[in-house]
Amino acid sequence: MVTIEKANIDWENIGFGYYKTDKRFVSNYKDGKWDEGILTSDENVVINESAGVLQYAQTCFEGMKAYTTVDGSVVVFRPDLNAQRLADSAKRLEMPVYPQEKFLEAIDEVVKANLKYVPPYGTGATLYLRPYIFGSSPVLGVKPAAEYQFRVFASPVGPYFKGGAKPITLKVSDFDRAAPKGTGHVKAGLNYAMSLHAIVTAHDEGYAENLYPDALTRTKVEETGGANFFFVTKDNKVVTPKSDTILPSITRRSLMYVAKEYLGLETEERDVYLSELGDFAECGLCGTAAVISPVGKIVDHGKEIVFSGSSQQMGEISKKLYDTLTGIQYGKIEAPEGWIRKIV
Ligand code: PLP
Ligand code: COI
C-alpha cells in the first residue's frame, strides 16, 4: 500500500461544492475525431463567444465518486455505466460519443493525479468526479457544433443535503422537469438549467428539494432535481418509480439489486401515484451525490404526507440498504462482479 500525503482539508465538515484540485483531463474533438487528451493544471476553459454550449446549452455530464476503501485502496463504483450513460446523453444531444475505454482511462488518470484529495476512509467524504462534454465551436443557426471538448475534473465532497442523514422535506413542484419524449432520461445540462428556478423557489419556501410529478398527468412520482426515489411499503417491499422520463440512476439500479440479492427483499419498479404516498412506511432519495437520503415528509399543495418509518431518522430498511450499498463501495462487503474498479 502506498502512503499518500493528504491535502489539508477538514474532511468531516466539507459540504457539496466545487473545490479546485490539481489536475483535470481534457480531450478535444475536431475533424471527426477525439485527440489523445492530456492532464492539465488549468481549470479555465477558453472557447468561442458563440460556442454551442453557450448559445444552445449543448452539454451533458456525469457524476461519480472515488472512495478510499477500508484497506486503503482507491476505487470507483460502476464507471462503465457512467460511460454508457454519457454516450446515451451525447447521442440524444447530437454530440460525439467519448469512447468507453478512453473514458475509464481518463477517470483513472484524474483520480491518480489527485490522490491527495481523495478523502480518507471513515470521514464520510469522497472525491466527486465530473466528466462532461460540450460543444466548443461557434454556431449561430440552431445546429450541433462541429467541435467538442471532453473534460473530467475532481472535487472532494461531503453530504449533498445539509444535515447529512437528517430526513428532508420535499415539495411537490408546480414546475415540470421533463416532457414526454424530451430529455429527462439523459443527463443534459439543460435539464438542470430549467430546474434552477424551481429549486430556488422550493428553497425560499423552506424545502430541501422538489418532487417532480410526471409532466403529462401530474399524478405520478418521477424524481427530484438530482436523485431518484425509492419507497418502502409497510411489509418491507422496496418500490421505485418506473418512467421513461427520469434519469436511470446507477445508484437506484444498484440499490434494487442489493435489496433483492443481498437483503432478500421484494422489489418492484412500477408507476407510483401521488395519491398512494401515504401508504408507504419509508421514503428515500438515491443518487451519486445524494447517496441514500431519507425523506421525512412530502408536501403536496398543503397536504402533508409523513413517512412514519423515516420521519425522524433514516428508516430501518433504508438504513440496511445504505449500509449494504456503502459497504460495497467502501470495500467492507464483497461487491457483485464488475462493480468496483480499483485505481490504486
Ligand atoms: N436523477 C437525477 C436528475 C440526477 O441528476 C442524478 C444524479 O446523477 C440521479 C437521478 C442519480 O443518478 P446516479 O445514481 O446515477 O448518480
Ligand atoms: C450526481 O448525483 O452525481 C448528480 O449529478 C446530481 C447533481 C444534482 C449533483
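A residue is called buried when its relative accessible area is under 20%, exposed when over 50%, and partly exposed in between (1.4 Å probe, protein chains only). The model is predicted, and local features need pLDDT of at least 70, side-chain atom pairs pLDDT 80 or more, while totals for chains, interfaces and linings use all residues. Residues are numbered from 1 along each chain as its sequence is written, chains are lettered from A and ligands numbered from 1 in the order in which they are written, and side-chain values use heavy atoms, without hydrogens and water.

Cysteine 60 is buried, because its relative accessible area is 0%. Cysteine 283 also has a relative accessible area of 0% and is therefore buried. With a disulfide taken as a pair of cysteine sulfur atoms within 2.5 Å, the count is 0. For cysteine 283, the nearest cysteine sulfur belongs to cysteine 286, 9.9 Å away.

Around ligand 1 there are 17 residues (a heavy atom within 4 Å). Those that come nearest are Tyr192, Glu223, Ser249, Thr251 and Thr288. Polar contacts are pairs of N or O atoms within 3.5 Å; within protein, one must be able to donate a hydrogen and the other to accept it, and residues adjacent in sequence count only if both atoms are side-chain atoms. An oxygen atom of ligand 1 lies 2.5 Å from a polar side-chain atom of tyrosine 192. For the side chain of threonine 288, the distance from an N or O atom to a ligand 1 oxygen is 2.5 Å, and for arginine 85 it is 2.8 Å. On its own, ligand 1 has 380 Å² of accessible area (Shrake-Rupley method, 1.4 Å probe), of which the protein covers 97%.
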